[in-house]
Amino acid sequence: MTNSRPDVIPFPQRVSAPAAETATNVLIVTCDPDIAWRLENDVRSAGLTTRVVNSYDAAAQTLSLQACEACLVGPLAPGETAGALAGLIQQKGWSTQLVCLVAAPSDDTPQILPAANGIELLTQPYTPSTFALTLAAAVQRSKLMAENRRLRRQLSNRNLRDMVGHSPAMHSLRQQVQNIADHNGCVLLSGEPGSGTDLVAQAIHDSGRRAHRPFVKIDCSVLSAETLEQDLFGQCEAAPMGQTIRHPGRLEMADGGTLLLEQVQFVALPVQKQITSLIREQSFVHPQTGERIRFDVRFIFGANLELRSQVDKGLFRRDLYEEASQTCLELPTLRSRKDDIAPLTEHYLRRVAGREGKPPRSLTLDALHLLQRHDWPGNVCELENVIERACALDWGSKLTSSMIEPWLTPRDVTEEEADGLPGLTLAEMERKLIEATFNRFAGNREKTAKALQIGIRTLSGKLREYGYPPRGGPGSNLKAWSPAASISPVIETLESEQRAA
(Lines give C-alpha, C1' and ligand atoms only; values in the text may rest on other atoms or scores of the structure.)
Protein backbone atom coordinates (compact mmCIF):
# COMPACT_ATOMS: atom_id res chain seq x y z
CA MET A 1 0.00 0.00 0.00
CA THR A 2 1.33 3.41 -0.95
CA ASN A 3 1.27 6.21 1.58
CA SER A 4 0.95 8.95 -1.00
CA ARG A 5 -2.35 10.67 -1.01
CA PRO A 6 -4.37 10.07 -4.20
CA ASP A 7 -5.67 13.04 -6.11
CA VAL A 8 -9.23 11.73 -6.18
CA ILE A 9 -10.97 9.60 -3.60
CA PRO A 10 -13.94 7.71 -5.02
CA PHE A 11 -17.20 7.96 -3.12
CA PRO A 12 -19.69 5.53 -4.65
CA GLN A 13 -23.25 6.84 -4.53
CA ARG A 14 -24.76 3.43 -5.29
CA VAL A 15 -23.18 0.33 -3.81
CA SER A 16 -23.54 -3.03 -5.52
CA ALA A 17 -23.13 -6.34 -3.77
CA PRO A 18 -19.61 -7.69 -4.39
CA ALA A 19 -19.49 -10.99 -6.20
CA ALA A 20 -16.57 -12.59 -4.39
CA GLU A 21 -14.88 -10.17 -2.02
CA THR A 22 -13.31 -10.41 1.40
CA ALA A 23 -15.66 -9.26 4.13
CA THR A 24 -15.21 -5.65 5.15
CA ASN A 25 -14.26 -5.12 8.81
CA VAL A 26 -14.70 -1.34 8.97
CA LEU A 27 -16.94 1.01 7.01
CA ILE A 28 -15.70 4.63 6.90
CA VAL A 29 -18.44 7.26 6.53
CA THR A 30 -17.40 10.88 5.99
CA CYS A 31 -17.86 13.66 3.47
CA ASP A 32 -14.33 15.03 4.07
CA PRO A 33 -11.85 13.51 1.53
CA ASP A 34 -8.78 14.40 3.64
CA ILE A 35 -10.13 12.65 6.75
CA ALA A 36 -11.38 9.72 4.65
CA TRP A 37 -7.89 9.18 3.17
CA ARG A 38 -6.24 9.37 6.62
CA LEU A 39 -8.75 7.03 8.27
CA GLU A 40 -8.47 4.53 5.43
CA ASN A 41 -4.69 4.36 5.85
CA ASP A 42 -4.99 4.04 9.64
CA VAL A 43 -7.53 1.21 9.39
CA ARG A 44 -5.36 -0.75 6.97
CA SER A 45 -2.31 -0.13 9.15
CA ALA A 46 -4.26 -1.76 11.98
CA GLY A 47 -4.61 -4.90 9.84
CA LEU A 48 -8.31 -4.48 9.00
CA THR A 49 -10.14 -4.26 5.69
CA THR A 50 -12.12 -1.14 4.91
CA ARG A 51 -14.56 0.53 2.57
CA VAL A 52 -15.29 4.27 2.18
CA VAL A 53 -18.62 6.01 1.51
CA ASN A 54 -19.49 9.68 1.78
CA SER A 55 -23.14 9.82 2.91
CA TYR A 56 -25.73 8.37 5.23
CA ASP A 57 -27.70 6.81 2.33
CA ALA A 58 -24.59 5.13 0.90
CA ALA A 59 -23.70 3.79 4.36
CA ALA A 60 -27.22 2.42 4.88
CA GLN A 61 -27.16 0.68 1.51
CA THR A 62 -23.70 -0.78 2.09
CA LEU A 63 -24.64 -2.15 5.51
CA SER A 64 -27.82 -3.72 4.13
CA LEU A 65 -25.82 -5.53 1.43
CA GLN A 66 -22.74 -6.54 3.43
CA ALA A 67 -22.23 -6.93 7.17
CA CYS A 68 -19.50 -4.72 8.66
CA GLU A 69 -18.14 -5.17 12.15
CA ALA A 70 -17.45 -1.48 12.82
CA CYS A 71 -18.53 1.81 11.32
CA LEU A 72 -16.10 4.72 11.69
CA VAL A 73 -17.91 8.05 11.29
CA GLY A 74 -16.12 11.32 10.52
CA PRO A 75 -17.58 14.71 9.55
CA LEU A 76 -20.90 14.33 7.71
CA ALA A 77 -22.91 16.53 5.37
CA PRO A 78 -25.40 18.99 6.90
CA GLY A 79 -28.51 17.21 8.14
CA GLU A 80 -26.72 13.88 8.60
CA THR A 81 -25.73 12.69 12.08
CA ALA A 82 -24.00 9.73 13.65
CA GLY A 83 -27.04 9.39 15.91
CA ALA A 84 -29.30 8.73 12.92
CA LEU A 85 -26.93 6.04 11.67
CA ALA A 86 -26.81 4.48 15.14
CA GLY A 87 -30.60 4.44 15.22
CA LEU A 88 -30.72 2.68 11.86
CA ILE A 89 -28.23 0.05 13.03
CA GLN A 90 -30.26 -0.57 16.17
CA GLN A 91 -33.55 -0.72 14.25
CA LYS A 92 -32.23 -3.24 11.74
CA GLY A 93 -30.61 -5.35 14.45
CA TRP A 94 -27.15 -5.28 12.86
CA SER A 95 -24.19 -6.11 15.07
CA THR A 96 -22.14 -3.22 13.60
CA GLN A 97 -20.42 -1.10 16.27
CA LEU A 98 -20.34 2.67 15.73
CA VAL A 99 -17.17 4.71 16.46
CA CYS A 100 -17.53 8.48 16.04
CA LEU A 101 -14.50 10.71 15.40
CA VAL A 102 -14.76 13.92 17.48
CA ALA A 103 -12.48 16.91 18.10
CA ALA A 104 -10.94 17.42 21.54
CA PRO A 105 -13.19 19.76 23.60
CA SER A 106 -11.99 23.22 24.58
CA ASP A 107 -13.33 25.97 26.80
CA ASP A 108 -14.65 27.88 23.80
CA THR A 109 -16.12 24.85 21.96
CA PRO A 110 -17.51 22.32 24.45
CA GLN A 111 -17.95 18.79 23.18
CA ILE A 112 -21.49 17.82 22.15
CA LEU A 113 -22.17 14.10 22.49
CA PRO A 114 -24.25 12.39 19.78
CA ALA A 115 -27.86 11.92 20.80
CA ALA A 116 -27.88 8.12 20.52
CA ASN A 117 -26.82 5.09 22.49
CA GLY A 118 -24.20 2.63 21.32
CA ILE A 119 -21.74 5.22 19.98
CA GLU A 120 -18.13 5.12 21.08
CA LEU A 121 -16.18 8.37 20.79
CA LEU A 122 -12.65 8.54 19.40
CA THR A 123 -11.06 11.90 20.25
CA GLN A 124 -8.52 13.34 17.84
CA PRO A 125 -5.66 13.74 17.69
CA TYR A 126 -5.14 10.08 18.56
CA THR A 127 -2.11 7.79 18.66
CA PRO A 128 -1.86 4.72 16.40
CA SER A 129 -2.06 2.40 19.40
CA THR A 130 -5.22 4.10 20.71
CA PHE A 131 -6.79 3.90 17.25
CA ALA A 132 -5.92 0.22 16.86
CA LEU A 133 -7.19 -0.70 20.34
CA THR A 134 -10.47 1.18 19.82
CA LEU A 135 -11.21 -0.54 16.52
CA ALA A 136 -10.11 -3.96 17.79
CA ALA A 137 -12.48 -3.64 20.76
CA ALA A 138 -15.36 -2.59 18.47
CA VAL A 139 -14.72 -5.52 16.11
CA GLN A 140 -14.60 -7.95 19.03
CA ARG A 141 -17.89 -6.63 20.44
CA SER A 142 -19.51 -7.01 17.03
CA LYS A 143 -18.36 -10.64 16.72
CA LEU A 144 -19.62 -11.47 20.23
CA MET A 145 -22.98 -9.84 19.52
CA ALA A 146 -23.37 -11.70 16.20
CA GLU A 147 -22.48 -15.02 17.85
CA ASN A 148 -24.89 -14.35 20.71
CA ARG A 149 -27.71 -13.66 18.30
CA ARG A 150 -26.89 -16.77 16.29
CA LEU A 151 -27.09 -18.93 19.41
CA ARG A 152 -30.35 -17.28 20.46
CA ARG A 153 -31.81 -18.01 17.03
CA GLN A 154 -30.86 -21.66 17.37
CA LEU A 155 -32.53 -21.89 20.78
CA SER A 156 -35.69 -20.05 19.81
CA ASN A 157 -36.12 -21.38 16.28
CA ARG A 158 -39.40 -23.21 16.76
CA ASN A 159 -40.31 -23.28 13.11
CA LEU A 160 -37.24 -25.26 12.09
CA ARG A 161 -38.21 -27.87 14.67
CA ASP A 162 -41.75 -27.82 13.22
CA MET A 163 -40.28 -29.12 9.95
CA VAL A 164 -40.87 -32.63 11.25
CA GLY A 165 -39.43 -35.69 9.56
CA HIS A 166 -36.45 -38.03 9.54
CA SER A 167 -36.40 -38.80 5.82
CA PRO A 168 -33.39 -37.84 3.66
CA ALA A 169 -35.60 -35.31 1.85
CA MET A 170 -36.37 -33.44 5.10
CA HIS A 171 -32.77 -33.55 6.30
CA SER A 172 -31.72 -32.02 2.98
CA LEU A 173 -34.45 -29.35 3.17
CA ARG A 174 -33.50 -28.31 6.71
CA GLN A 175 -29.85 -28.05 5.67
CA GLN A 176 -30.77 -25.87 2.69
CA VAL A 177 -32.85 -23.60 4.95
CA GLN A 178 -29.90 -23.10 7.29
CA ASN A 179 -27.53 -22.45 4.37
CA ILE A 180 -29.61 -19.65 2.83
CA ALA A 181 -31.05 -18.14 6.02
CA ASP A 182 -28.50 -15.32 6.37
CA HIS A 183 -28.49 -14.35 2.69
CA ASN A 184 -30.45 -11.36 1.40
CA GLY A 185 -31.35 -12.76 -2.03
CA CYS A 186 -34.82 -13.82 -3.11
CA VAL A 187 -35.97 -17.41 -2.57
CA LEU A 188 -38.44 -19.37 -4.72
CA LEU A 189 -40.27 -22.20 -2.94
CA SER A 190 -41.90 -24.68 -5.33
CA GLY A 191 -44.17 -27.48 -4.24
CA GLU A 192 -47.60 -29.03 -4.51
CA PRO A 193 -50.53 -27.47 -2.62
CA GLY A 194 -50.36 -28.22 1.09
CA SER A 195 -46.63 -28.98 1.10
CA GLY A 196 -45.89 -26.29 3.71
CA THR A 197 -44.63 -23.26 1.79
CA ASP A 198 -45.47 -20.85 4.61
CA LEU A 199 -43.79 -23.09 7.20
CA VAL A 200 -40.53 -23.27 5.23
CA ALA A 201 -40.59 -19.50 4.55
CA GLN A 202 -41.09 -18.82 8.26
CA ALA A 203 -38.18 -21.17 9.05
CA ILE A 204 -35.91 -19.29 6.63
CA HIS A 205 -36.87 -16.01 8.29
CA ASP A 206 -36.47 -17.31 11.86
CA SER A 207 -33.10 -18.91 11.12
CA GLY A 208 -31.53 -15.72 9.71
CA ARG A 209 -30.43 -12.38 11.05
CA ARG A 210 -33.85 -10.90 10.22
CA ALA A 211 -35.52 -13.13 12.82
CA HIS A 212 -36.24 -10.24 15.22
CA ARG A 213 -37.96 -8.24 12.46
CA PRO A 214 -41.47 -8.80 11.01
CA PHE A 215 -42.48 -11.76 8.87
CA VAL A 216 -45.37 -10.74 6.60
CA LYS A 217 -47.18 -12.91 4.06
CA ILE A 218 -49.70 -12.26 1.29
CA ASP A 219 -51.81 -14.90 -0.48
CA CYS A 220 -51.83 -13.62 -4.06
CA SER A 221 -54.46 -16.15 -5.20
CA VAL A 222 -57.31 -14.37 -3.38
CA LEU A 223 -56.44 -10.75 -4.29
CA SER A 224 -57.20 -8.77 -7.42
CA ALA A 225 -54.47 -6.65 -9.00
CA GLU A 226 -55.87 -3.48 -7.44
CA THR A 227 -56.23 -5.02 -3.98
CA LEU A 228 -52.71 -6.46 -4.13
CA GLU A 229 -51.28 -3.02 -4.99
CA GLN A 230 -53.13 -1.48 -2.03
CA ASP A 231 -51.85 -4.29 0.20
CA LEU A 232 -48.27 -3.70 -0.89
CA PHE A 233 -48.13 0.11 -0.94
CA GLY A 234 -50.82 1.08 1.57
CA GLN A 235 -53.50 3.70 1.06
CA CYS A 236 -54.57 7.13 2.24
CA GLU A 237 -57.78 7.99 4.06
CA ALA A 238 -59.40 11.39 4.41
CA ALA A 239 -59.54 12.66 8.00
CA PRO A 240 -61.38 15.59 9.64
CA MET A 241 -59.99 19.13 9.28
CA GLY A 242 -58.81 18.37 5.75
CA GLN A 243 -56.04 16.07 6.94
CA THR A 244 -55.01 12.79 5.36
CA ILE A 245 -54.12 9.60 7.21
CA ARG A 246 -51.70 7.28 5.39
CA HIS A 247 -51.99 3.59 6.25
CA PRO A 248 -48.72 1.75 5.60
CA GLY A 249 -48.73 -1.25 3.29
CA ARG A 250 -47.17 -4.66 3.72
CA LEU A 251 -43.82 -3.47 2.33
CA GLU A 252 -43.42 -0.94 5.14
CA MET A 253 -44.78 -3.37 7.71
CA ALA A 254 -42.12 -5.91 6.67
CA ASP A 255 -39.26 -3.36 6.71
CA GLY A 256 -36.09 -5.06 7.91
CA GLY A 257 -37.79 -8.45 7.74
CA THR A 258 -39.26 -10.87 5.19
CA LEU A 259 -42.23 -10.69 2.82
CA LEU A 260 -43.72 -13.97 1.57
CA LEU A 261 -45.81 -13.82 -1.61
CA GLU A 262 -47.73 -17.10 -1.76
CA GLN A 263 -49.21 -18.36 -5.04
CA VAL A 264 -47.20 -15.77 -6.97
CA GLN A 265 -48.29 -17.32 -10.27
CA PHE A 266 -51.67 -15.61 -9.83
CA VAL A 267 -50.20 -12.08 -9.82
CA ALA A 268 -51.25 -10.00 -12.84
CA LEU A 269 -48.49 -9.14 -15.32
CA PRO A 270 -48.52 -5.35 -14.64
CA VAL A 271 -48.12 -6.00 -10.90
CA GLN A 272 -45.32 -8.48 -11.66
CA LYS A 273 -43.43 -5.62 -13.32
CA GLN A 274 -43.88 -3.49 -10.18
CA ILE A 275 -42.64 -6.31 -7.93
CA THR A 276 -39.53 -6.68 -10.08
CA SER A 277 -38.80 -2.99 -9.60
CA LEU A 278 -39.39 -3.29 -5.84
CA ILE A 279 -36.84 -6.10 -5.56
CA ARG A 280 -34.19 -4.19 -7.46
CA GLU A 281 -34.66 -0.71 -5.99
CA GLN A 282 -35.96 -1.49 -2.47
CA SER A 283 -38.07 1.65 -2.73
CA PHE A 284 -41.28 2.89 -4.34
CA VAL A 285 -43.17 6.10 -5.03
CA HIS A 286 -46.48 6.10 -3.16
CA PRO A 287 -49.23 6.16 -5.82
CA GLN A 288 -51.36 8.67 -3.86
CA THR A 289 -48.91 10.95 -2.08
CA GLY A 290 -46.00 10.84 -4.54
CA GLU A 291 -43.63 10.29 -1.62
CA ARG A 292 -40.62 8.01 -2.20
CA ILE A 293 -40.52 5.37 0.52
CA ARG A 294 -37.48 3.17 1.12
CA PHE A 295 -37.54 -0.24 2.76
CA ASP A 296 -35.31 -3.23 3.39
CA VAL A 297 -37.20 -6.46 2.71
CA ARG A 298 -36.19 -9.96 1.73
CA PHE A 299 -38.66 -11.47 -0.74
CA ILE A 300 -39.70 -15.12 -0.65
CA PHE A 301 -42.02 -16.46 -3.34
CA GLY A 302 -44.22 -19.54 -3.19
CA ALA A 303 -45.61 -21.27 -6.29
CA ASN A 304 -47.59 -24.46 -6.90
CA LEU A 305 -46.79 -24.42 -10.62
CA GLU A 306 -43.58 -24.70 -12.60
CA LEU A 307 -42.86 -21.00 -13.17
CA ARG A 308 -40.36 -21.66 -15.95
CA SER A 309 -43.11 -23.17 -18.10
CA GLN A 310 -45.33 -20.18 -17.25
CA VAL A 311 -42.56 -17.89 -18.51
CA ASP A 312 -42.38 -19.83 -21.80
CA LYS A 313 -46.16 -19.46 -22.19
CA GLY A 314 -45.99 -15.71 -21.59
CA LEU A 315 -47.99 -15.96 -18.35
CA PHE A 316 -45.14 -14.91 -16.07
CA ARG A 317 -42.53 -12.20 -16.59
CA ARG A 318 -39.04 -13.45 -17.29
CA ASP A 319 -37.35 -10.64 -15.35
CA LEU A 320 -39.39 -11.38 -12.21
CA TYR A 321 -38.63 -15.10 -12.56
CA GLU A 322 -34.90 -14.35 -12.79
CA GLU A 323 -35.07 -12.20 -9.65
CA ALA A 324 -37.29 -14.63 -7.71
CA SER A 325 -35.25 -17.72 -8.54
CA GLN A 326 -31.89 -16.52 -7.17
CA THR A 327 -32.26 -19.49 -4.81
CA CYS A 328 -34.76 -22.28 -5.52
CA LEU A 329 -36.03 -24.87 -3.04
CA GLU A 330 -38.22 -27.78 -4.11
CA LEU A 331 -40.50 -28.91 -1.30
CA PRO A 332 -40.94 -32.70 -1.15
CA THR A 333 -44.42 -34.25 -1.35
CA LEU A 334 -45.71 -36.31 1.55
CA ARG A 335 -46.21 -39.40 -0.63
CA SER A 336 -42.47 -39.29 -1.44
CA ARG A 337 -41.54 -39.45 2.26
CA LYS A 338 -44.11 -41.73 3.85
CA ASP A 339 -41.62 -42.65 6.59
CA ASP A 340 -42.34 -39.17 7.99
CA ILE A 341 -46.08 -39.87 8.44
CA ALA A 342 -45.56 -41.44 11.88
CA PRO A 343 -43.54 -38.55 13.41
CA LEU A 344 -45.82 -35.98 11.73
CA THR A 345 -48.92 -37.63 13.18
CA GLU A 346 -47.32 -37.73 16.63
CA HIS A 347 -46.47 -34.03 16.27
CA TYR A 348 -50.07 -33.11 15.38
CA LEU A 349 -51.47 -35.27 18.20
CA ARG A 350 -49.23 -33.47 20.73
CA ARG A 351 -50.41 -30.12 19.35
CA VAL A 352 -54.07 -31.09 19.77
CA ALA A 353 -53.38 -32.38 23.29
CA GLY A 354 -51.67 -29.14 24.27
CA ARG A 355 -54.64 -27.13 23.01
CA GLU A 356 -57.13 -29.31 24.90
CA GLY A 357 -55.03 -29.65 28.04
CA LYS A 358 -55.15 -33.46 27.90
CA PRO A 359 -52.56 -36.25 27.50
CA PRO A 360 -51.68 -36.95 23.85
CA ARG A 361 -53.66 -39.66 22.09
CA SER A 362 -51.88 -42.61 20.53
CA LEU A 363 -52.31 -44.11 17.07
CA THR A 364 -53.10 -47.77 16.58
CA LEU A 365 -51.03 -49.82 14.14
CA ASP A 366 -53.92 -50.34 11.73
CA ALA A 367 -54.52 -46.56 11.69
CA LEU A 368 -50.85 -45.91 10.89
CA HIS A 369 -50.94 -48.43 8.04
CA LEU A 370 -54.06 -46.73 6.70
CA LEU A 371 -52.35 -43.35 6.74
CA GLN A 372 -49.26 -44.74 5.01
CA ARG A 373 -51.37 -46.31 2.23
CA HIS A 374 -53.11 -43.03 1.46
CA ASP A 375 -51.82 -41.00 -1.52
CA TRP A 376 -52.05 -37.57 0.26
CA PRO A 377 -52.90 -35.22 -2.62
CA GLY A 378 -53.09 -32.39 -0.05
CA ASN A 379 -49.72 -33.31 1.49
CA VAL A 380 -48.94 -32.33 5.11
CA CYS A 381 -51.87 -29.89 5.33
CA GLU A 382 -54.27 -32.71 4.49
CA LEU A 383 -52.68 -34.97 7.13
CA GLU A 384 -53.00 -32.24 9.76
CA ASN A 385 -56.68 -31.70 8.89
CA VAL A 386 -57.42 -35.42 9.08
CA ILE A 387 -55.84 -35.72 12.54
CA GLU A 388 -57.63 -32.58 13.79
CA ARG A 389 -61.04 -33.85 12.62
CA ALA A 390 -60.54 -37.35 13.94
CA CYS A 391 -59.52 -35.98 17.35
CA ALA A 392 -62.62 -33.79 17.44
CA LEU A 393 -64.81 -36.93 17.36
CA ASP A 394 -62.73 -39.11 19.65
CA TRP A 395 -63.20 -39.16 23.44
CA GLY A 396 -60.73 -41.96 24.11
CA SER A 397 -56.97 -42.24 24.27
CA LYS A 398 -56.45 -43.96 20.89
CA LEU A 399 -57.20 -43.23 17.26
CA THR A 400 -58.18 -46.26 15.20
CA SER A 401 -58.50 -46.72 11.47
CA SER A 402 -62.32 -46.54 11.67
CA MET A 403 -62.07 -43.06 13.21
CA ILE A 404 -59.67 -41.83 10.52
CA GLU A 405 -61.03 -43.48 7.37
CA PRO A 406 -64.12 -41.23 6.95
CA TRP A 407 -61.87 -38.21 6.60
CA LEU A 408 -59.61 -39.65 3.90
CA THR A 409 -60.81 -38.39 0.53
CA PRO A 410 -60.07 -40.65 -2.46
CA ARG A 411 -58.02 -39.04 -5.21
CA ASP A 412 -59.43 -38.62 -8.74
CA VAL A 413 -62.75 -40.29 -7.90
CA THR A 414 -65.52 -39.71 -10.44
CA GLU A 415 -69.08 -38.86 -9.46
CA GLU A 416 -70.26 -42.32 -10.56
CA GLU A 417 -67.61 -43.96 -8.37
CA ALA A 418 -68.42 -41.69 -5.46
CA ASP A 419 -72.11 -42.72 -5.60
CA GLY A 420 -71.10 -46.30 -4.97
CA LEU A 421 -68.71 -45.58 -2.09
CA PRO A 422 -69.90 -46.62 1.37
CA GLY A 423 -69.83 -44.21 4.30
CA LEU A 424 -71.27 -40.84 5.26
CA THR A 425 -72.31 -38.01 3.02
CA LEU A 426 -70.46 -34.68 3.29
CA ALA A 427 -73.42 -33.11 5.11
CA GLU A 428 -73.56 -36.01 7.57
CA MET A 429 -69.84 -35.79 8.26
CA GLU A 430 -70.14 -32.04 8.82
CA ARG A 431 -73.02 -32.48 11.27
CA LYS A 432 -71.17 -35.28 13.00
CA LEU A 433 -68.12 -33.07 13.52
CA ILE A 434 -70.07 -30.00 14.67
CA GLU A 435 -72.29 -31.88 17.14
CA ALA A 436 -69.38 -33.86 18.60
CA THR A 437 -67.32 -30.70 19.12
CA PHE A 438 -70.37 -28.88 20.58
CA ASN A 439 -70.88 -31.74 23.04
CA ARG A 440 -67.19 -31.89 23.95
CA PHE A 441 -67.29 -28.23 25.03
CA ALA A 442 -70.55 -28.69 26.96
CA GLY A 443 -72.54 -26.38 24.70
CA ASN A 444 -70.07 -23.49 24.77
CA ARG A 445 -70.44 -21.86 21.35
CA GLU A 446 -67.34 -19.68 21.58
CA LYS A 447 -65.05 -22.65 22.30
CA THR A 448 -66.81 -24.79 19.69
CA ALA A 449 -66.46 -22.15 16.97
CA LYS A 450 -62.80 -21.60 17.85
CA ALA A 451 -62.06 -25.34 17.73
CA LEU A 452 -63.83 -25.70 14.38
CA GLN A 453 -62.20 -22.49 13.07
CA ILE A 454 -65.55 -21.01 11.99
CA GLY A 455 -67.49 -17.93 13.03
CA ILE A 456 -70.09 -17.85 15.83
CA ARG A 457 -72.83 -16.89 13.36
CA THR A 458 -71.94 -19.78 11.05
CA LEU A 459 -72.00 -22.19 13.98
CA SER A 460 -75.33 -20.86 15.24
CA GLY A 461 -76.85 -21.21 11.77
CA LYS A 462 -75.73 -24.83 11.53
CA LEU A 463 -77.05 -25.65 15.01
CA ARG A 464 -80.38 -24.05 14.09
CA GLU A 465 -80.57 -26.39 11.05
CA TYR A 466 -79.97 -29.36 13.36
CA GLY A 467 -82.87 -28.32 15.65
CA TYR A 468 -80.99 -26.64 18.48
CA PRO A 469 -82.65 -23.60 20.11
CA PRO A 470 -81.24 -20.19 19.19
CA ARG A 471 -78.70 -18.68 21.51
CA GLY A 472 -80.66 -17.11 24.38
CA GLY A 473 -83.99 -17.78 22.66
CA PRO A 474 -86.97 -19.50 24.21
CA GLY A 475 -86.81 -22.51 21.90
CA SER A 476 -90.50 -23.29 22.48
CA ASN A 477 -90.86 -25.49 19.40
CA LEU A 478 -87.26 -26.76 19.35
CA LYS A 479 -85.54 -29.43 21.34
CA ALA A 480 -83.49 -28.20 24.32
CA TRP A 481 -79.82 -28.92 24.32
CA SER A 482 -78.36 -31.51 26.65
CA PRO A 483 -75.18 -33.58 26.51
CA ALA A 484 -77.19 -36.67 25.69
CA ALA A 485 -79.44 -35.03 23.11
CA SER A 486 -76.56 -33.28 21.37
CA ILE A 487 -75.08 -36.49 20.00
CA SER A 488 -76.46 -37.32 16.57
CA PRO A 489 -77.79 -40.81 15.74
CA VAL A 490 -74.72 -41.38 13.61
CA ILE A 491 -72.42 -40.86 16.61
CA GLU A 492 -74.62 -43.05 18.81
CA THR A 493 -74.36 -45.83 16.24
CA LEU A 494 -70.58 -45.39 16.13
CA GLU A 495 -70.31 -45.60 19.91
CA SER A 496 -72.46 -48.72 19.99
CA GLU A 497 -70.27 -50.38 17.41
CA GLN A 498 -67.15 -49.48 19.39
CA ARG A 499 -68.62 -50.89 22.63
CA ALA A 500 -69.65 -54.10 20.86
CA ALA A 501 -66.20 -54.45 19.38
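**Close-up 1. The second largest cavity of this predicted model has a volume of about 30 Å³.** Its lining is made up of Ala181, Ile204, His205, Gly208, Arg210, Thr258, Arg298 and Ile300. If you like to think in terms of secondary structure, look for helix H7 (197-207) and strand S13 (298-303), each of which supplies at least two of the lining residues. Sorted by class, the residues around the second largest cavity are 3 nonpolar, 3 polar and 2 charged.

**Close-up 2. The largest cavity has a volume of about 80 Å³.** Here the lining consists of Leu63, Ser64, Lys92, Gly93, Trp94, Asn184, Arg209, Arg210, His212, Gly256 and Asp296. Its classes come to 2 nonpolar, 5 polar and 4 charged residues. The structure holds 2 cavities of 30 Å³ or more.

**Close-up 3. Helix H8 (residues 225-233) packs against helix H10 (residues 269-281), with axes that come within 11 Å.** The two axes cross at roughly 20°; since angles under 35 degrees count as roughly parallel, H8 is therefore roughly parallel to H10. The crossing of this pair is left-handed.

**Close-up 4. Side by side, H8 and H10 meet through residues from both helices.** On the H8 side, you will find Ala225, Leu228, Glu229, Leu232 and Phe233. Their partners in H10 are Val271, Gln274, Ile275 and Leu278. The residues of this contact divide into 7 nonpolar, 1 polar and 1 charged.

Note on methods. Residues are numbered from 1 along each chain as its sequence is written. This is a predicted model: local features need pLDDT of at least 70, side-chain atom pairs count only at pLDDT 80 or more; totals for chains, interfaces and linings use all residues. Side-chain values use heavy atoms; hydrogens and water are left out. Axes are lines fitted to C-alpha atoms, for helices over the stretch in contact, and angles run from 0 to 180 degrees between N-to-C directions. Helices (H or I, at least four residues) and strands (E, at least two) are DSSP runs, numbered from the N terminus. Angles under 35 degrees count as roughly parallel, over 145 as roughly antiparallel, 65 to 115 as roughly perpendicular and the rest as oblique. A crossing is left-handed if the near helix is turned anticlockwise from the far one by less than a right angle, and right-handed if clockwise. Contact means heavy atoms within 4.5 Å. Ala, Val, Leu, Ile, Met, Phe, Trp, Tyr, Cys and Pro count as nonpolar, Asp, Glu, Lys and Arg as charged, and the others, Gly among them, as polar. On a 1 Å grid over the protein atoms alone, a cavity is a set of points where a 1.4 Å probe fits but cannot get out, and a pocket is an open set with protein on both sides within 12 Å along at least five of seven lines; lining residues have an atom within 4 Å of a point. Grid points are joined across faces, edges and corners, and a volume is the space filled by probe spheres set on the points.
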